[in-house]
Amino acid sequence: MMPIVTSVSGVPIRLTEERWRHILDQHPELEEYQAKKQVWP
């Protein structure tokens with residue numbers, strides 16, 4: 001399963017857990033969005 005987040009323009013983006021962790025390392029203010037992510041089978 002791969003998490004899906006939505007871009008600011010409304011486009012769904014699939015991210016691996018590794019990519020998501022990398023984003024959060026550089027932008028901890030986005031951590032609140034981790035709980036809102038959807039999962040793509």
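I began with the strands: strand 1 (residues 2–6) and strand 2 (residues 12–14) pair in the antiparallel sense, over three bridges. For pairing I used the rule that DSSP must find at least two bridges between two strands. Opposite arginine 14 in strand 2 I found isoleucine 4. I then looked at the hairpin of these two strands, where five residues lie between them and glycine 10 takes a positive phi near 90 degrees.

A note on the source: this is a predicted model, where local features need pLDDT of at least 70, side-chain atom pairs count only at pLDDT 80 or more, and totals for chains, interfaces and linings use all residues. Residues are numbered from 1 along each chain as its sequence is written, and side-chain values use heavy atoms, with hydrogens and water left out.

Next I listed the elements, taken as DSSP runs numbered from the N terminus (helices H or I, at least four residues; strands E, at least two). I counted two helices and three strands, in the order β-β-α-α-β along the sequence.

I checked confidence through pLDDT, the predictor's confidence in each residue, from 0 to 100. The chain mean is 79, with 78% of residues at 70 or more. Helix 1 (residues 17–26) has the highest mean, 88, and strand 3 (residues 38–40) the lowest, 58.

Last, I looked up burial (under 20% relative accessible area, 1.4 Å probe, protein chains only): buried residues make up 15% of the 41 in the chain. Among contacts (heavy atoms within 4.5 Å) between residues at least 6 apart in sequence, 33% join residues at least 24 apart.

Notes: Buried < 20%, exposed > 50% of the residue type's maximum accessible area, 1.4 Å probe, protein only.
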